[in-house]
Amino acid sequence: MDERIGAVVNEMAGEAPSGDLASALSTVQDIVEARERVASRTRADRISAAVMGLGYAAAAAACAARGHLPTAGEAVLLLALVALYAAAHRTEFVAAGGSTVPTEPVLVGLLLTAPLALVPLAVLVALQLGGTGVQESGTRWHQLQTRLISGWHCLGPVAVLAALPVGAPRLGSWPVYLLALLAQFMADAASAMLRCSALGVPPSRLVAPLRWTFAVDALLAPFGLCVVIAAHGSLAGLALLAAPIGLVRLLARDRSEQLAQAVTLGTAFTAAREQALVDPLTGLRNRRAWLEAIAEATDLLESDPSLVAVALTADVDGLKRINDSFGHEAGDELIQAMAQVLLDSAPAGSIVARLGGDEFGILMVMPGVEADLEHLPAAVRERMARQPPIHGHPLSASLGAAASPPAADVEHATRLADLAAAEDKLARRAGRD
């Protein structure tokens with residue numbers, strides 16, 4: 001499996017941005033999470049890495065056993081190309097469609113100038129050299145196996161060129177070379193699919209990186225072929241294969257700086273947006289976040305009719321009296337105490353918000369069979385009763401709850417909850433009188 005695709009499979013990277021701000025921020029967040037993630041190695045990951053990695057090592061050894069020992073000149077050329085391949089493997093350019101490493105021209109050089117039976121073994125050595133010193137997760141043994149998975153793509157062209165030998169490299173043999181390139185793509189795709197199946201990654205996630213990898217390799221392969229033909233086996237001529245490595249390295253450095261800036265700006269934007277949705281006194285969501293939650297709940301109910309949105313509103317009692325008698329700091333204590341009560345009472349996944357002043361709200365979406373308009377207000381009242389008094393004032397609030405359905409929509413349900421809270425206030429006031 002090509003190392004560019006392997007990175008996508010092993011890291012399970014996010015999809016490419018669609019162009020709008022939300023998708024761009026999502027992509028930046030994917031990058032941040034990928035950088036911070038400490039990969040957890042599952043049993044399926046370990047088994048697939050061992051089978052595919054050691055399987056490639058066995059295939060490379062079997063190929064080498066069928067060949068002959070290289071001459072001194074072939075050995076020097078082979079070592080030089082291995083070093084170039086390792087350098088290319090370490091030179092990565094990250095793009096939206098995938099990542100690029102300029103190994104293809106060097107692979108062409110190996111296939112057309114080195115002893116063909118030794119090419120898989122040369123790629124194996126180059127992959128290990130290229131991965132040395134690179135930060136990787138897992139044990140050392142697992143790292144060695146994972147690197148080897150990237151070598152499978154070279155077996156396709158090796159098989160084609162072994163079955164259809166063309167002699168000295170020449171442009172007239174382009175049909176065979178094209179067939180070898182297609183065999184490389186097929187081996188690449190097959191190994192990637194196998195790895196995906198083992199890791200439980202949907203095959204659809206491979207479409208973009210495969211398309212990107214194949215396009216890059218299809219463009220770089222002719223360059224490698226032209227260099228090989230022009231070099232006539234000269235080591236100095238084959239040094240031109242390093243040109244794409246230098247070019248991609250320069251582009252990667254610039255891209256890395258841009259990516260770092262994008263991550264910094266995206267993280268700052270996300271933090272600022274989160275801050276804009278938080279009430280500074282209580283740490284709860286604010287009214288703006290509450291309105292966004294209503295819109296999201298509306299979309300959920302439209303997509304799944306079996307769901308129900310339940311809204312609860314709370315209007316704290318006595319805030320003005322506390323403020324007038326003990327000052328606004330005491331009023332803040334009352335608001336914060338109520339916020340904590342609602343947080344402790346709300347089910348997981350609920351949105352708890354301070355809507356302004358002494359008004360609060362809880363919004364949750366759940367299966368209709370679980371909806372219970374009496375449970376949440378009862379839980380809030382029970383927690384308020386256990387709360388210590390604030391400057392001698394017991395914590396209390398008017399509560400109202402409603403659901404959609406039967407309300408026409410989520411916004412209508414929140415208005416009904418407001419009305420129910422107002423009726424609760426009047427009823428409690430009449431009871432005290």
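What follows is a walk through a sheet, the helices beside it, a helix pair and some salt bridges.

Before setting out, please keep in mind that this is a predicted model.

**The sheet**

Let us begin with the strands. Four of them form an open sheet in the order S4-S5-S3-S6, and their pairing is antiparallel. Which strands stand at the edges? They are S4 and strand S6 (397-404); each has a single partner strand, so one side of each is left without a neighbour in the sheet. From one strand to the next, the twist averages 20°.

Now look at one pair in this sheet. Strand S4 covers residues 351-356 and strand S5 covers residues 359-367; they pair in the antiparallel sense over 5 bridges. To trace the pairing, find Val 352, which stands opposite Ile 362 in S5. Then find Gly 356, which stands opposite Glu 359 in S5. S4 and S5 form a hairpin, with 2 residues between them. In the turn, Gly 357 has a positive phi of about 60°.

**Helices beside the sheet**

Helix H15 (residues 328-345) lies across S3, S4, S5 and S6, and runs at about 10° to S5. Helix H16 (residues 375-386) also packs on the sheet, where it touches S3, S5 and S6. The direction of H16 makes about 160° with that of S6.

**A pair of helices**

Elsewhere in the chain, helix H5 (residues 104-113) meets helix H6 (residues 119-131). Their axes come within 10 Å and cross at roughly 145°. The crossing of H5 with H6 is right-handed. Which residues make the contact? From H5 come Leu 107, Leu 110 and Leu 111, and from H6 come Val 119, Ala 122 and Val 123. The residues of this contact divide into 6 nonpolar, no polar and no charged.

**Salt bridges**

Side chains of opposite charge can pair when their charged atoms come close. How many salt bridges does the structure hold? There are 7, and the table shows some of them.

| Asp 279 | Arg 354 | 3.4 Å |

Take the salt bridge of Asp 279 with Arg 354 to start. This pair links distant parts of the chain: Asp 279 is in the loop between helix H12 (243-276) and helix H13 (287-303), while Arg 354 is in strand S4, 75 residues apart. Are these residues buried or exposed? Both Asp 279 and Arg 354 are buried.

Asp 317 lies in the loop between strand S3 (307-316) and helix H14 (319-326), and Lys 425 lies in helix H17 (residues 410-432), so the pair ties together parts that are 108 residues apart in sequence. Why does Asp 317 count as buried? Its relative accessibility is 10%, and buried means under 20%.

Glu 411 is partly exposed, with a relative accessible area of 47%. Arg 415 is partly exposed as well, at 44%.

Definitions and conventions: Residues are numbered from 1 along each chain as its sequence is written. This is a predicted model: local features need pLDDT of at least 70, side-chain atom pairs count only at pLDDT 80 or more; totals for chains, interfaces and linings use all residues. Side-chain values use heavy atoms; hydrogens and water are left out. Axes are lines fitted to C-alpha atoms, for helices over the stretch in contact, and angles run from 0 to 180 degrees between N-to-C directions. Helices (H or I, at least four residues) and strands (E, at least two) are DSSP runs, numbered from the N terminus. A crossing is left-handed if the near helix is turned anticlockwise from the far one by less than a right angle, and right-handed if clockwise. Contact means heavy atoms within 4.5 Å. Ala, Val, Leu, Ile, Met, Phe, Trp, Tyr, Cys and Pro count as nonpolar, Asp, Glu, Lys and Arg as charged, and the others, Gly among them, as polar. Two strands pair if DSSP finds at least two bridges between them. A salt bridge is a side-chain nitrogen of Lys or Arg within 4 Å of a carboxyl oxygen of Asp or Glu. Buried means under 20% relative accessible area, exposed over 50%, partly exposed in between (1.4 Å probe, protein chains only).
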